[in-house]
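Please open the model in your viewer and keep the selection tool at hand. This tour goes from one selection to the next, and at each stop it says what there is to find.

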Amino acid sequence: MKRRKVDVSAVPAKVAGGLDDRFQAATPLRNILNKVFPDHWSFLLGEIALFSFIVLLLTGTFLTFFYEPSLTTVTYDGSYAPLRGTHMSAAYASSLDLSFDVRGGLIMRQMHHWAALTFMSAIVVHMFRIFFTGAFRKPRETNWIIGSLLFWIGFLAGFTGYSLPDDALSGTGLRIASAIMLSIPVIGSWVTTSIFDGEFPGHVIMGRFYIAHVLLIPGALLALISVHLGLVFKQKHTQWPGPGRTEHNVVGERFVPRYTIKQGGFFMIVFGVIALMGGLFQINPIWLFGPYEAYTVSAASQPDWYVMFLDGSTRLFPAWEIRFDLWGWGDGYTIPPIFWPTVVLPGILTMLPMAYPFIEARLTKDHRAHNLLQRPRDVPARTALGAMAIAFWLVLTLSGGNDVIADQFHISLNAMTWAGRIGLLIAPPLAYYVTYRICLGLQQHDREVLAHGVETGIIRRLPDGRFMEVHQPLAPVDEHGHGSLDYAGWVVPKKMNRLGALGPAIRGFFFPIEKPSEAPVSPGHPPVSAAPSAEREEITK
Amino acid sequence: MTSDTPGGLLARLRRRRSQPRSRVRRRLGTVVRLTIALTLAGGVYTVFAPGLSADDTPQLSTAAQEGKALFDESCISCHGRNAQGVEGRGPSLIGVGAAAVEFQVSTGRMPMARQEAQAPRKPAMFNDDQTRQLAQYIQELGGGPQIPDGDLRAPEGDDEAIARGGNLFRINCSSCHAFGGGGGALSSGKYAPDLKEATDRQLYAAMLTGPQNMPVFGDNQLTPEQKKEIISYVQEALKQDKDPGGWGLGRFGPVTEGLAIFLVGIVALVFAALWIAGKS
């Protein structure tokens with residue numbers, strides 16, 4: 001009987017051929033695999049958010065195996081001695097068990113929290129990149145809006161997750177949230193009672209927040225992230241201007257294999273950094289906060305950093321209470337001061353960024369599609385507006401932690417509050433002005449190099465005794481000695497080694513991995529060398 | 001009975017009184033009666049009055065006399081002669097008790113370097129003996145709360161004492177000193193200090209006397225047992241327990257956590273992005 005031989009090298013092709021026969025996947029897959037992505041370090045910032053979201057899903061799933069979303073009172077009897085015998089909610093007790101009695105539970109909880117902070121900060125940093133390079137312009141306004149929504153849904157995910165352990169800190173936060181909801185005119189009390197099923201805290205809030213935190217919000221995030229990435233695929237990634245790059249092409253690397261390999265490596269790095277932080281830095285030590293009781297509140301009770309700007313706006317806002325007596329009918333009506341900094345302000349901060357692409361298009365009358373990015377210096381007004389927004393947010397966020405700053409740096413808390421109030425009015429316009437001037441200065445320097453050339457470091461003395469530096473023009477010059485190159489929207493070489501006139505810049509991150517090239521010697525001058533010391537005579541008299 | 005009734009002792013007496021006595025006799029009688037009344041009152045007073053040997057300079061024990069010498073040298077400029085206080089500079093110390101003196105002096109808060117929102121903790125100027133002498137002087141001068149002798153921790157073997165102390169700490173102390181005992185800001189430059197360096201006696205004295213801006217937790221608010229449980233929690237759980245989750249980031253809560261994610265996490269990942277992009 002003849003033994004049948006299996007040709008191993010032919011197996012992948014046969015399997016793939018068989019799959020294609022059945023699913024007709026080759027043509028669409030080829031499109032995807034051959035997709036070209038432009039390469040720049042700043043294009044990887046959004047990936048940090050994507051990868052930390054994956055870490056969030058993995059660690060969060062682990063946590064659900066042990067967490068119990070219940071406000072039933074139990075008596076703690078776990079291994080953390082300083083709380084043994086204390087009455088607490090089952091939610092808090094299970095969070096403590098998760099931290100102290102489940103193997104690997106604490107690092108999982110800490111990784112989950114650090115991954116959440118990474119997710120939110122990566123979203124913000126990615127958003128800065130999109131904003132300052134003008135990547136939100138037509139046709140990508142939709143993706144900009146989805147990105148803004150991702151931030152706010154991530155904000156909700158963070159807040160619900162922060163509340164779940166039911167420790168004293170999260171309970172304080174939840175109480176503030178209920179106060180914020182109550183402050184909304186007319187519908188406030190209805191909103192609050194429907195969310196808490198009656199008075200705060202009620203008995204159902206943990207169950208509701210739990211299902212929101214593990215199903216509804218991650219589902220919404222997942223859906224929006226899919227659309228976000230799908231749109232990047234469909235509309236193609238933006239690219240920086242450069243040789244061979246136009247509005248109508250994409251220059252970069254294929255999705256498979258190089259881009260995927262790099263992304264896989266980057267995912268491992270993100271995972272590694274989050275795991276390191278989860279193992280090295282303690283985050284949210286719920287066992288120190290204790291169980292939530294209405295009468296328990298700690299100094300320095302802050303929300304996570306991405307909510308801190310709302311805490312800051314509340315601390316800075318004056319106590320302006322608006323009273324209507326309704327012509328003597330009933331008890332009148334009061335709008336509490338907390339309504340303005342915690343409902344109206346975030347409302348504006350949600351809507352304004354989403355509308356920004358359209359506002360800018362309307363003001364600049366630029367309704368064309370753009371696939372090439374802009375350098376921040378080339379659009380000083382937008383860059384300055386962005387700096388203004390960052391300054392506004394930074395003052396609010398710092399004010400959210402102003403008691404810690406006041407305590408640690410021995411500043412009066414009242415002075416911090418007033419500094420925040422004045423800073424909130426002064427810092428944004430100042431940031432606008434300074435950024436605008438810096439942008440103009442950078443533009444001017446680019447133009448100067450294009451007109452006069454690169455500084456060579458060679459100083460020439462003119463016959464009349466003046467000194468001047470020799471400039472190397474980048475291109476043939478006209479009769480005035482001015483370069484003929486136009487600005488191309490990309491980096492202008494400003495050093496001789498960029499032009500190849502010197503050796504390349506010395507490579508290496510912390511120490512040089514190559515020898516520095518020898519300095520060139522001016523022709524016509526013999527190199528000066530030190531005379532041997534033996535021939536030198538010492539003058540003794 | 002009417003005044004017209006003749007005869008009888010009463011009538012005779014009335015008749016005699018109605019006659020004018022000589023002026024000298026009248027004066028003399030007044031002086032005698034007054035002297036008798038005064039002697040009687042003074043005698044009764046000397047028998048029943050508390051300060052039989054009341055004196056401007058009370059009899060101080062040796063330790064208190066040493067303390068008075070130290071007081072007259074270092075404290076008198078603000079707290080005045082006999083610790084009666086100086087308007088606008090320092091309060092009267094009558095009745096603050098030895099506990100307050102021991103707290104303020106052993107933590108270096110007194111003597112103050114300058115008048116400011118709150119006296120900060122600094123190296124103590126007096127050693128233990130001198131502190132005790134000062135405390136003894138103020139105690140003998142005006143009385144007041146004293147730190148009990150002996151162990152100021154909850155009894156050994158009471159497993160739930162620390163848990164009860166923790167609960168009391170979170171109710172009474174953490175609103176100013178924060179959940180980790182690291183302290184926090186109060187208004188106008190005042191603050192609740194870090195508890196890191198506080199000893200058992202200092203913690204007890206602080207609760208008993210309410211130094212600086214701290215409220216007094218008298219024995220009717222926190223019993224001595226409860227005070228000892230709080231001390232046990234602070235010294236044995238808050239300070240001794242190593243942070244199980246790694247470096248505690250100063251136990252400031254989300255403020256330093258937010259700082260860490262940007263300074264460590266995002267910086268590391270941006271460098272990783274630069275590195276990966278640089279490799280292509």
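A residue is called buried when its relative accessible area is under 20%, exposed when that area is over 50%, and partly exposed in between, with a 1.4 Å probe and protein chains only. Helices (H or I, at least four residues) and strands (E, at least two) are DSSP runs, numbered from the N terminus.

This is a predicted model, in which local features need pLDDT of at least 70 and side-chain atom pairs count only at pLDDT 80 or more, while totals for chains, interfaces and linings use all residues. Residues are numbered from 1 along each chain as its sequence is written, chains are lettered from A and ligands numbered from 1 in the order in which they are written, and side-chain values use heavy atoms, with hydrogens and water left out.

**First stop: a covered helix**

Select residues 308-316 of chain A, which form helix α12, and ask how many of its nine residues are buried. Seven of the nine are, so that the helix is mostly covered; they are A:Met308, A:Phe309, A:Leu310, A:Asp311, A:Gly312, A:Ser313 and A:Leu316. If you now show what these buried residues pack against, you will find α6 (141-163), α13 (339-364), α14 (380-400) and α16 of chain A, together with α11 (254-278) of chain B.

**Second stop: where the chains meet**

Next, colour chain A and chain B separately and select the residues in contact (heavy atoms within 4.5 Å). On this basis, 65 residues of chain A are in contact with 55 residues of chain B. The two chains bury about 4,700 Å² between them, 71% of it on carbon and sulfur atoms, where buried area is the accessible area (1.4 Å probe) that two parts lose on being put together, summed over both. Pick out A:Trp41, A:Gln282 and A:Leu288, which supply 14% of the area that chain A buries against chain B, more than any other three residues.

The helices of chain A that each give at least two residues to this side include α3 (45-64), α5 (105-133) and α16 (413-452), and the largest share, ten residues, comes from α10(A). Sorted by class, the side of chain A that touches chain B has 39 nonpolar, 18 polar and eight charged residues; here Ala, Val, Leu, Ile, Met, Phe, Trp, Tyr, Cys and Pro count as nonpolar, Asp, Glu, Lys and Arg as charged, and the others, Gly among them, as polar.

Side chains of opposite charge can pair when their charged atoms come close. A salt bridge is a side-chain nitrogen of Lys or Arg within 4 Å of a carboxyl oxygen of Asp or Glu. How many salt bridges does a search of the whole structure find over all chains? The search finds 24, although the count between chain A and chain B is zero.

Select A:Asp39 and A:Lys262, whose closest N and O atoms are 3.0 Å apart in a salt bridge. This pair links distant parts of the chain, 223 residues apart, with A:Asp39 in the loop between β1 (36-37) and α3 of chain A and A:Lys262 in helix α10. A:Asp39 counts as partly exposed because its relative accessibility is 25%, whereas A:Lys262 is buried at 15%.

A:Asp446 lies in helix α16 of chain A and A:Arg377 in the loop between α13 and α14, so the pair ties together parts that are 69 residues apart in sequence. Both residues are buried.

**Last stop: chain B**

Finally, select chain B, which has eleven helices and two strands, and in which buried residues make up 38% of the 280 residues. UniProt, in an unreviewed entry, lists residues 62-142 and 160-238 of chain B for "domain: Cytochrome c"; its positions are given in the numbering used here, feature names are shortened, and annotations may be inferred rather than shown by experiment. Residues 62-142 are 52% helix and 0% strand, with their end C-alpha atoms 17 Å apart, while residues 160-238 are 52% helix and 5% strand, with their end C-alpha atoms 15 Å apart.
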